[in-house]
Amino acid sequence: MNALNDLVANAGLVPMLLPAWLNPEHIINALGNWALWGVAVIVMIECIFFPILPGDSLLFTVGMFVSLGSIHFGGLASGWVLLICIVVLIIAAIAGNIGGYWLGSLIGPPIFKPRPGLVGRIFNPVYVDKTHAFFEKHGNQALILARFVPVVRTFVTIIAGVSKMGFRMFIHYTAIGGVIWVAVVTVLGYFLGQVPFIHNNIEAALVLIVLISVIPMVIEYLRHRKENAAQPEAAE
């Protein structure tokens, strides 16, 4: 193991971010010939209700394994195998978000209904109205950017269902986000996986993918913080 891999392992990042049962390389190897279909199911479950599953890392690893020939379909060229994987995983990602949306629409009404006391204040229906207004204004950006942020991509679809976001708008932008997310991350895995340093240090690469995937959320937070700070100045 080289110096970079030793540094990451010694820092405890791999065990913290990628426990053994969530390690994408371990998952795909364990699935064997069913790797693509198993990954598709995992991606779909992550998008519906189980946010700790390693969606980004799995997509990246699928692309890498295709480039190395570990995932193959008979005598098909790796380019065609990559295309098949992307199409299957896009369908899984979109289906998962539709499931998350309908889950939110089912649990929303019984949870956010008028109640007396503390529970009523926490699950106030007013919050649903405010969230609905937010999605009407920023829903397209939220659904696309959320695809690249672990945990957020799961909850944003549930919240969209809870807030009764229009399904036509939801499916349009969640599909765009799903196509971009799966295609970009899987293709990156395919080309970067051919680099010896990457596939010889997969643990470090997967930790890097997790860290990079949080960047859009940080940028959006800083942007909103800047806008909120500018509002009092504008009022003055």
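This report walks through the helices, packing and cores of the predicted model shown above.

The structure is a predicted model, in which local features need pLDDT of at least 70, side-chain atom pairs count only at pLDDT 80 or more, and totals for chains, interfaces and linings use all residues. Residues are numbered from 1 along each chain as its sequence is written, and side-chain values use heavy atoms, leaving out hydrogens and water.

**Overall build**

Let us start with the whole chain. The protein has 13 helices and zero strands, where helices (H or I, at least four residues) and strands (E, at least two) are DSSP runs numbered from the N terminus. Of its 236 residues, 39% count as buried; here buried means under 20% relative accessible area, exposed over 50% and partly exposed in between, with a 1.4 Å probe and protein chains only. Among contacts with a separation of 6 or more, 78% come from residues 24 or more positions apart, a contact being heavy atoms within 4.5 Å.

**Two helix pairs**

The table sets out two packed pairs; axes are lines fitted to C-alpha atoms over the stretch in contact, and angles run from 0 to 180 degrees between N-to-C directions.

| Pair | Angle | Axis separation |
|---|---|---|
| α4 (residues 35-48) and α6 (residues 78-111) | about 25° | 7 Å |
| α3 and α5 | about 60° | 9 Å |

The angle makes α4 roughly parallel to α6, whereas α3 and α5 are oblique to each other. For these words, angles under 35 degrees count as roughly parallel, over 145 as roughly antiparallel, 65 to 115 as roughly perpendicular and the rest as oblique.

α4 and α6 cross in a right-handed way, and the crossing of α3 with α5 is right-handed. A crossing is right-handed if the near helix is turned clockwise from the far one by less than a right angle, and left-handed if anticlockwise.

In the α3 and α5 pair, Pro-24, Glu-25, Ile-27, Ile-28 and Asn-29 of α3 meet Ser-57, Leu-58, Thr-61, Val-62 and Phe-65 of α5. That contact has six nonpolar, three polar and one charged residues. In this scheme Ala, Val, Leu, Ile, Met, Phe, Trp, Tyr, Cys and Pro are nonpolar, Asp, Glu, Lys and Arg charged, and the others, Gly among them, polar.

**The largest core**

A nonpolar core is a set of buried Ala, Val, Leu, Ile, Met, Phe, Trp, Tyr and Cys residues joined through side-chain atoms within 4.5 Å. The largest one holds 36 residues, and Ile-28, Val-62, Val-66, Ile-71, Leu-89, Trp-181 and Val-182 touch the most other members. Helices α3 (24-31), α4, α5 (55-68), α6, α10 (167-192) and α12 (202-213) each supply at least two of its residues. The largest share, ten residues, comes from α6.

Leaving aside residues up to four places away in sequence, Ile-28 touches Ala-35, Val-39, Leu-58, Thr-61, Val-62, Phe-65 and Ile-71.

**Two residues to look at**

Tyr-173 sits in helix α10 and is partly exposed, at 22% relative accessibility. Not counting residues up to four places away in sequence, Tyr-173 touches Asn-140, Leu-143 and Ile-144. The C-alpha atoms of Tyr-173 and Ile-144 are separated by 6.4 Å, although the two residues are 29 apart along the chain.

Lys-164 belongs to the loop between α9 (152-162) and α10. With 53% relative accessibility, Lys-164 counts as exposed. Its phi is near 60°, a positive value in a residue other than glycine.
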